[in-house]
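Hi,

Here is the structure I promised to pass on to you. Have a look at it first, and my notes on what turned up follow below.

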Amino acid sequence: MTKEKKTRSLRVQNMHIPSHGVLALWSLLALFPIWVLVVNSLKTRYTIYNNPFWLPEKWNFGNYREVLVSGDFLRYFQNSLIVVVLSIALVLLLGSLAAYSLANWRGRASGALYFWMIAGMMLPIKIASIKLLEMVKGLSLINTIWALVPIYVAMGIPIAVFVLTEFVRQTPGELLEAGFIDGAGRFHIFWRIVLPLLRPAMATVAIYNLIPFWNDLWFPLIFISDERSKTLLLGVTRLFGQYQTDWSKVLAVLTLSAVPVLVLYLAMSKQFIKGLTAGAVKG
């Protein structure tokens, strides 16, 4: 390597130092709440106040054992898992079908319907809580986990249509034409050609909707009062007392509740990054 090339490579490396420093600082800021959450979940009820930002003097795994064995954590976890998995599956299915239809339907009506559907991204669904409660009562779904599924699907459809429609429009037309020439129907083309190409976008939509679905407390608090149907975050409220709260157990539950989100993100991180960066570079 010549002297000029070495000098140029050193300059390039020096240019990346500030950006790496900013990313390192941002990573520390993002990991700090997780550190505090996990560390304090391993302390006793009173030692949590001594030094909340450092390791415990004596490790206490009894919080996790008591939460898993004595409490109803597993039931709450199961309820949340069923609701979130079913809701995300329906969002991806309905959103991809709607995106496929809107992307191939040319006309003013298609554009109007598209903007009407994505308008839900600008209007919070919580403003219709009273009307939704009346609808849930009318469907006899009150105090059941099934009352949450249609609400979450309605929350997730706008962003799903917005993201997936753009991906379908970027699908090469030659692939669809080849499918029609081979005699495939529209649904067969969607299932065999379009859907596999939508995996990065669907991973983005799934992760984007997972967090608000999993961490939602508003609608379970309104629709569910039966202990057998409570979701995980609603069940955590049982640990809050009128005069005192066992924060170590609360943090243990919150630590366990964060595991599915982290697992899903790690499992789909590559697809998620592809979905975020797709279309950013042309050529």
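**Pockets, a cavity and a helix pair**

The lining of the second largest pocket has, by class, twelve nonpolar, three polar and no charged residues (Ala, Val, Leu, Ile, Met, Phe, Trp, Tyr, Cys and Pro count as nonpolar, Asp, Glu, Lys and Arg as charged, and the others, Gly among them, as polar). Before going on, please note that this is a predicted model, in which local features need pLDDT of at least 70 and side-chain atom pairs count only at pLDDT 80 or more, while totals for chains, interfaces and linings use all residues. Residues are numbered from 1 along each chain as its sequence is written, and side-chain values use heavy atoms, with hydrogens and water left out.

Back to that second largest pocket: it holds about 310 Å³ of space. It is lined by 15 residues, and Leu37, Leu254, Ser257, Ala258 and Val261 are the closest to its centre. Two or more lining residues come from each of helix 1 (3-41), helix 9, helix 11 (232-236) and helix 12 (247-277), and helix 12 has the largest share, six residues. Domain 1 (3-65) and domain 2 (72-242) each supply at least three residues to this lining; the domain bounds come from an automatic or database domain assignment.

On terms: helices are DSSP runs (H or I, at least four residues), numbered from the N terminus. Pockets and cavities were found on a 1 Å grid over the protein atoms alone: a cavity is a set of points where a 1.4 Å probe fits but cannot get out, a pocket is an open set with protein on both sides within 12 Å along at least five of seven lines, and lining residues have an atom within 4 Å of a point. A volume is the space filled by probe spheres set on the points, with grid points joined across faces, edges and corners.

The largest pocket contains about 700 Å³ of space. Of its 24 lining residues, Gly120, Leu123, Ala154, Met155 and Pro158 lie nearest the centre. Helix 4 (108-118), helix 6 (148-169) and helix 9 (199-214) are the elements that give two or more residues, with helix 6 giving the most, eight. This lining has 20 nonpolar, three polar and one charged residues.

There is one cavity of 30 Å³ or more, and the largest cavity has a volume of about 50 Å³. Among the residues lining it are Ser80, Tyr152, Trp214 and Asp216. Helix 3 provides the largest share of that lining, three residues.

Finally, helix 3 (residues 73-104) packs against helix 6 at an angle of about 40 degrees, their axes 7 Å apart (axes are lines fitted to C-alpha atoms over the stretch in contact, and angles run from 0 to 180 degrees between N-to-C directions). The two helices are therefore oblique to each other, as angles under 35 degrees count as roughly parallel, over 145 as roughly antiparallel, 65 to 115 as roughly perpendicular and the rest as oblique.

Best wishes
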